[in-house]
Amino acid sequence: MAILILEDDLLVAELRETIVLSLYPHGRARLLGSYQDAVAEWQPGKVDLILCDWNLPDGSGLDFVRHVRRQDSEVPIVMISGRSDRQSVLTAAKHHINGFITKPFDVTVVHDRLKSLLVEGEPASYAIGGPEPLFADAMEGQILLPTSLDPASVLELMHRDDLISPGQLAERWRDETSLVMRLLDVANGSSYRRSGESVDSLRDAINTLGVDMALNIALGMALDHAHDLSDPRLQDKAKTYADLSDRVALEASRMARQLGQSPVLCYTAGLMGRIGELAVLSVLQQYLGAGGELSDADIDDLIRDWAQPLGNRLKVQWRLPLQLRDLVGAIHSLPHGATHQSRLIMRAAALFADGAREAPEYRTLMRRLGSESPASEGADH
């Protein structure tokens with residue numbers, strides 16, 4: 001599914017992208033910020049949904065709607081505007097828009113309007129020849145990981161009488177891998193535009209976006225559970241990967257603190273160690289939901305074949321800083337000649353969490369890090 005989002009505020013555009021992709025996890029969203037860019041990008045039959053802001057820096061979103069409707073009378077269009085007067089609504093309606101949402105918009109309203117326009121679930125044709133087409137789509141489009149976020153819990157945070165701080169929010173969400181990565185993605189997209197400095201931790205991401213925007217993004221992810229895992233086998237594997245990632249994160253942050261490195265960055269990298277495997281599970285759930293069948297051996301083979309490419313795709317999709325990418329990669333293997341202490345920490349923490357404390361590689365790493373017998377310190381986790 002191809003989605004065109006026309007909005008000149010990058011943060012707002014990415015929030016809308018989050019909402020749409022929660023409904024259609026393997027859709028492909030194109031974010032555009034001007035009328036001219038939208039006209040240049042538009043091709044009849046190539047877009048399945050348009051979210052269009054009324055006010056643009058070089059014109060009117062309504063002009064773009066007119067341009068589209070001269071060539072395509074069927075594509076769904078949702079107009080989003082700060083204008084709520086009757087005349088504006090009627091003017092937009094004359095151009096056969098499918099929805100009109102006023103600003104400031106409520107995420108739940110946008111979600112419900114879009115849900116009525118989108119066809120839920122993947123086409124059954126994916127189930128005929130195997131899951132490979134779904135993996136190909138994932139490599140080309142956006143990937144969402146399974147999320148355990150509860151919309152009610154996010155709404156409760158949004159409606160608290162006392163304002164929650166970025167630090168409190170970061171502590172609450174630190175184990176929500178998919179949300180952590182989405183917030184880093186959005187924060188880096190915005191921070192590069194403003195300051196050129198990358199964002200490496202969940203707390204920094206929330207500080208960059210602001211608590212209100214972070215909560216809205218979380219709500220957008222939590223509202224629809226179409227990409228959650230319902231197959232018990234996939235659930236068990238997801239729990240195993242999540243537990244392993246948590247152990248790596250805890251051990252890496254402990255070692256980093258002991259050796260004077262950044263414990264926050266190492267903790268974040270540890271959480272991301274199995275994002276490729278989680279992405280595979282999300283795709284497999286889509287396939288099973290479309291009527292496909294998989295044996296236990298099939299699941300293991302597909303995880304083995306697709307975890308690394310999907311993990312690499314996610315690092316690009318989330319625009320992760322190079323240092324964070326390197327630390328995540330070090331969890332699985334060290335580049336030849338690697339000497340940076342943080343990389344050694346991540347690899348050692350992964351071996352520790354995997355129960356390989358007697359392995360020659362682990363002992364060698366601990367000697368290089370200046371610690372002969374770390375197991376006793378880490379055993380209290």
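Biologist: Which residues in helix 13 do S245, D246, V248, A249, L250, A252, S253, A256 and R257 in helix 12 meet?

Modeller: The model is a predicted one. In it, helix 12 covers residues 232-259 and helix 13 covers residues 263-271. The residues you list in helix 12 meet P263, C266, Y267, G270 and L271.

Biologist: Are helix 12 and helix 13 roughly parallel or roughly antiparallel to each other?

Modeller: Helix 12 and helix 13 pack with their axes 7 Å apart, at an angle of about 160 degrees. Angles over 145 degrees count as roughly antiparallel. The two helices are therefore roughly antiparallel.

Biologist: Why is the pair of F135 and W306 stacked?

Modeller: F135 belongs to helix 6 and W306 to helix 15, 171 residues apart. Planes under 30 degrees apart count as stacked. The ring centres of F135 and W306 are 4.7 Å apart, and the pair is stacked because the angle between the planes is 10 degrees.

Biologist: Is F352 buried or exposed?

Modeller: F352 in helix 17 forms an aromatic pair with Y362 in helix 18. This pair is tilted, with 6.4 Å from centre to centre and 40 degrees between the planes. Buried means a relative accessible area under 20%. The value for F352 is 8%, so this residue is buried.

Biologist: Which residue lies over the face of F352?

Modeller: A charge sits over a ring only if its atom is within 6 Å of the ring centre. At 4.3 Å from the ring centre of F352, the residue in question is R357.

Notes. Residues are numbered from 1 along each chain as its sequence is written. This is a predicted model: local features need pLDDT of at least 70, side-chain atom pairs count only at pLDDT 80 or more; totals for chains, interfaces and linings use all residues. Side-chain values use heavy atoms; hydrogens and water are left out. Rings of Phe, Tyr and Trp (its six-membered ring) pair if their centres lie within 6.5 Å; planes under 30 degrees apart count as stacked, over 60 as edge-to-face and the rest as tilted. Helices (H or I, at least four residues) and strands (E, at least two) are DSSP runs, numbered from the N terminus. Buried means under 20% relative accessible area, exposed over 50%, partly exposed in between (1.4 Å probe, protein chains only). A charge sits over a ring if NZ of Lys or CZ of Arg is within 6 Å of the ring centre and within 35 degrees of the ring normal. Axes are lines fitted to C-alpha atoms, for helices over the stretch in contact, and angles run from 0 to 180 degrees between N-to-C directions. Angles under 35 degrees count as roughly parallel, over 145 as roughly antiparallel, 65 to 115 as roughly perpendicular and the rest as oblique. Contact means heavy atoms within 4.5 Å.
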